[in-house]
Every structure is written in C-alpha cells, then in structure tokens.
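Subject: Structure for you to look at

Hi,

Here is the structure I promised to pass on. Have a look at it first, and then read my notes below.

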Amino acid sequence: MRRILDYTVTREEAGLRVDQYLKRRGYSRQILTELKKFAGSVSVDGEEYHMNRRLNAGERMKVILTEEPKQQKIIPEKLPLAIVYEDEDILVVNKPTGMPTHPSMNHDRNTLAGAVVFYYREGDGARGRKAREGEADFVFRCGNRLDRDTSGLTVIAKNMLAAAALASMTASGRMHRQYLGIVRGSLVPEEGTIDAPLGRRPGSVIERMIDREGGERAVTHYRKLAEKNGHSLVLMELGTGRTHQIRIHMKSIGYPLIGDYLYNPDMEYIGRQALHSARLCFPHPVTGKEMRFTAALPEDMRRVLEVRPEMNS
C-alpha cells in the first residue's frame, strides 16, 4: 500500500543528511534501500533529494512509501474481521479462536492473513477498487502473532515503516502484551515471575520445552485475578515473546492452561487452550502516540468460570 508522510526539519535536525534524518524516525537500512528504487520517493520542498543531501531548518520533507508486489502464499478469503482500530499505518483486530494467523502446510484456509489481504485487495469500496486497478498492494505483516487457538488482540502493520517499528518494539519489550488464561485449581502462589529458557522439543517441529542448556531466555509475569468453579483466571504479561511461552511456563509451575491439546489435553470445559490476548499497549509506530487496546474475555472462556448449580438430589 502507498503511504505518504510529511516532516518539517527542526533547528536541532539541521545539518543532518537525509538518510540520518530518516533513521532517527525509524527508517531501517532496508527501507532506505527500498526508497532508492522509486524516483521521487524523497523530496524536500518539492525537489527530489538524494540520501546524502544535507537538510536545513524549516524545510519540509515528503516521503512516499511504495510497496513492490510480493509473492505471498496467502489465499484471500472473505471472512469476518472484528476490527478494533484502524488508521493509515496499523490495523488492530480481535482474532477468533480456531483461526491461524499465517497459512501453513496444513492450514492454508481460514487464516487471519487471508481475511486481511481480502479486506484490502478484493473487498468492496475504495480499498478493493484501488488494489484491483493496481494502485495499491498489501503485504501482510503481523506485529504479535497468535497461535491458531489463542483468541484476542493482534496488530498488523500496513506499511514497511510501521512493520519495522512494531518489530523493534516487540524485540525491545516496548510492546506490552497481557493475556488472560484459565488453569485448574487455586493458583499458588497467586503471583510471580517465570524465567525459564525455551527451545524446540527434539523430534517435533511444533512443540517447545524448557531447555536450560540451549534455549532462549523467556520471561512471563503472572497474577491470579479470580477463582471460580474450581478454576483460576490468570493475568499474564510477556517479558519476552517465545513460541508457546505462556503455555509451557504455566505448565512448568504445575498450572497448565486447560484445553491445551499439546501440553495439557484437559478438554472437560473447553476445547482449545484457554488463552486470550486481552490487552495491547505500545507507542504508535509512526506518530509515537500511546495506544491502548482491550478485548473482553470470549464466551467459551467465560463459561468455564460460571458457577454451576448443584444437581437436585
């Protein structure tokens, strides 16, 4: 998709080269390389500028981000999208359970990627029309990938600048991600931090395990919010974002998520891992404005916590 950004050079920024100026605003080396491919991508006061030109205070810079068509193995599908927020740079959606984020060998349909690509390329209205006329292209880039059966908030970048910024936030911990999960019993202790490295389980391409020898550091903070119907509702915040991190960490302290077919196939009350991405908080990847989003506990998880009346004798 095409994105146009306008900047005004301040006194403090005067004397910087164009590339130095843009790097300060989150433009990676790869993005700068992409800008060089298209004539007129960077202009100052209406004149095309090269990356090594020096800037003066008060000058106005225009940057045009243009996506080259990329081969993505994504099948566009007209699927419901629960859009929480959208602007020129990001899309935040509340993903349902059972929907993979990206297509895979065994799940190339009913994906979030397919739904989002359809929304921008082939949907009704101006977005779809522009895409069909060749005026826009959409590259799917997810900022916080969720497992297929994990529901809740996920943020998608709509251009390469937003994608680079979101990736940096995730790696540095500036994207705050909070999840709600359900475990059996009374969680003791009621709060704490799990700091245990994770790695692949030998012989499996999917499963992970705690690997204190060769694993990558993984940190999860947790706190019990409520206890109902023999289960605890737990708030978990990621200090890192490893694959299956919460699922393995909670199991490691004796309280695995219920409904987890890989690590705890306890399906009495729910048929998927009881895990929901409930809150996202991060600075906007372009404007820097603080963004906060919440998504209520889904119905299948709420039902687990309902107090069931005793059977009449």
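Does D260 count as buried or exposed? With a relative accessibility of 1%, D260 counts as buried (buried is under 20% relative accessible area, exposed over 50%, partly exposed in between, with a 1.4 Å probe and protein chains only). D260 sits in the loop between α6 (245-252) and β15 (275-283); helices (H or I, at least four residues) and strands (E, at least two) are DSSP runs numbered from the N terminus. Beyond its neighbours within four places in sequence, D260 is in contact with R247, P265, M267, R272 and Q273, where contact means heavy atoms within 4.5 Å.

Before going on, please note that this is a predicted model: local features need pLDDT of at least 70 and side-chain atom pairs count only at pLDDT 80 or more, while totals for chains, interfaces and linings use all residues. Residues are numbered from 1 along each chain as its sequence is written, and side-chain values use heavy atoms, with hydrogens and water left out.

Now the salt bridges. The count comes to 22, taking a side-chain nitrogen of Lys or Arg within 4 Å of a carboxyl oxygen of Asp or Glu. One of them joins R184 and D266, at 2.5 Å from N to O. R184 belongs to strand β9 (residues 176-184) and D266 to the loop between α6 and β15, so this pair ties together parts 82 residues apart in sequence. R184 is partly exposed at 35%, whereas D266 is buried at 16%. E67 pairs with R141, with the closest N and O atoms 2.9 Å apart, and E67 is buried, at 8% relative accessibility.

Helix α5 covers residues 160-172, and its buried residues are M160, L161, A162, A163, A165, L166 and M169. Just after α5, G173 takes a positive phi of about 85°.

Finally, the cysteines: there are zero disulfides, meaning pairs of cysteine sulfur atoms within 2.5 Å. The sulfur of C281 is 17 Å from the closest cysteine sulfur, in C142, which is too far for a bond.

Best wishes

Technical notes: Expected span 1.5 Å × (residues − 1).
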